[in-house]
Amino acid sequence: MLSRVSTGGLLLASLLLAACSDEPAATSTPAYDEARARLVIDHYADMALAAYSDALSEARELREHIDTLLAQPSEETLAAARQAWRDARVPYMQTEVFRFGNSVVDEWEGQVNAWPLDEGLIDYVADDYQAVMGNPGARANIIASQSLKIGEQQMDLSELTPELLASLNELGGSEANVATGYHAIEFLLWGQDLNGTGPDAGERPATDFATGDSATGGHNARRRQYLEVVTDLLIADLEAMVAEWQPEQDNYRAELAAGSVEDGLRKMLFGMGSLSLGELAGERMKVALAAHSPEDEHDCFSDNTHFSHFYNGKGIENVYLGEYQRVNGETLSGPSLSELVAASEPQLDQALKTDLDASEAALQTLVDSATKGVHFDQLIAPGNAEGAATVNHAIDALVVQTASIEKAALVLGIQALNPDTANHSF
């Protein structure tokens, strides 16, 4: 288990324990109007549908830019494809709050957003590339290979299909083997980030996608095909998730609606708390900071991590407030958890909204730093005390926020919310 790197860790642990223990006991009578709570759960499903639909539309836009890149490989078309990838991350990162508590999302997510990855599985890497120890696929280089032997298993790689790429995830039992999803596409567009904890992202040249005499990288036809296939698979996966949230269908949304109000509210609050604490504060920030490891930052090839963290936080806020701003600028709003909590404990509702504002401001600091040229991988560099303080401030704000989420759960009659800590202590 990673040790706490913030000097405020003990204080925050005490705060979290106090927040979870000094609450009124839940009664057998729900502390909310059940009909109103049903509307809150239904609107939660509406927000999921809207966010996944936006992620799908942006992924389709990304595919169009990739088509242009492959038709006319240049630094300009590559830059446009990279920007389309960044744009596609904005709605998707706001969907991750639906992952925790909703098994249909959690079981699906690995093919879409798994990380960190041993990029040597997919394409060429630098000679001094440090792979995950013991990973049998770390130097497989699918793009350069027609076959692959793992133990006694001989795999035919000659035809790159969605089914083949999906089958290579967690190859040989290693979670570092990721062949699909946003981060595989990210690696193909940027290449390795060889700058460590220094400035700048990956610098793959557009000529890696060229087909003529200017081609670099080798096996360009395979690289081009891989990029097309993996992007099409992402679109298909997002289409499948959009279908799960459509109203009046035999799908996961119908299952959620048929469940109890308490179960629906628990899923909402558990998703908020688990993304806030174990995933964002823990896996995505604390791990990278404690190890000073750019390999453990979320969008490590593109140096887009600051935005991924920010929009994760925005997703948590969306669920509590019942608001989601769509990519077309329209705001979807409706019955919210905030209203349910405020009906019983208006001071707690205000306190949680204050905590959400504080965590958003702390995550905005990461964005502001990147805008000034100091990205997340530089903030976590060894010896960067100011950078560590910036990241720890965001972690601390998320810990405090999670305590308030647990308080809100108690007010709504949900005891022992137990948001996922991902085995981290805070």
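**Notebook: contacts, core and aromatic rings**

I began with contacts (heavy atoms within 4.5 Å), and found that residues 24 or more positions apart account for 74% of the contacts in the protein with a separation of 6 or more. I note that this is a predicted model, in which local features need pLDDT of at least 70 and side-chain atom pairs count only at pLDDT 80 or more, while totals for chains, interfaces and linings use all residues. Residues are numbered from 1 along each chain as its sequence is written, and side-chain values use heavy atoms, with hydrogens and water left out.

**Overall form**

I looked up the secondary structure, taken as DSSP runs numbered from the N terminus, with helices (H or I) of at least four residues and strands (E) of at least two, and the protein has 14 helices and four strands. Along the principal axes, the C-alpha atoms fill a box of roughly 70 × 55 × 45 Å.

**Buried and exposed**

I call a residue buried under 20% relative accessible area, exposed over 50% and partly exposed in between, with a 1.4 Å probe and protein chains only. By that rule, 55% of the 426 residues count as buried. I then compared two loop residues. M133, in the loop between α4 and β1 (147-150), counts as exposed because its relative accessibility is 82%. S336, in the loop between β4 (331-333) and α11 (337-344), is buried because its relative accessible area is 3%. Leaving aside neighbours within four places in sequence, S336 is in contact with V40, Y320, L321 and G322.

**The nonpolar core**

A nonpolar core is a set of buried Ala, Val, Leu, Ile, Met, Phe, Trp, Tyr and Cys residues joined through side-chain atoms within 4.5 Å. Which residues touch the most other members of the largest one? I found that they are Y226, W245, L265, L269 and L337, out of 121 residues in that core. The largest share of this core, 18 residues, comes from α2.

**Aromatic rings**

Rings of Phe, Tyr and Trp (its six-membered ring) pair if their centres lie within 6.5 Å, and planes under 30 degrees apart count as stacked, over 60 as edge-to-face and the rest as tilted. I counted 11 aromatic pairs by this rule. One of them joins Y44 and F98, a tilted pair at 5.1 Å centre to centre with 55 degrees between the planes. This pair links distant parts of the chain, since Y44 is in helix α2 (residues 34-71) and F98 is in the loop between α3 (75-95) and α4 (103-113), 54 residues apart. Y44 counts as buried at 1% relative accessibility, and F98 is buried at 3%. The rings of W245 and Y252 have centres 5.4 Å apart and planes at 75 degrees, so I recorded this pair as edge-to-face. W245 is buried at 0% relative accessible area, and Y252 is buried at 5%. Y44, Y52, F98, W108, W245 and Y252 form one aromatic cluster.
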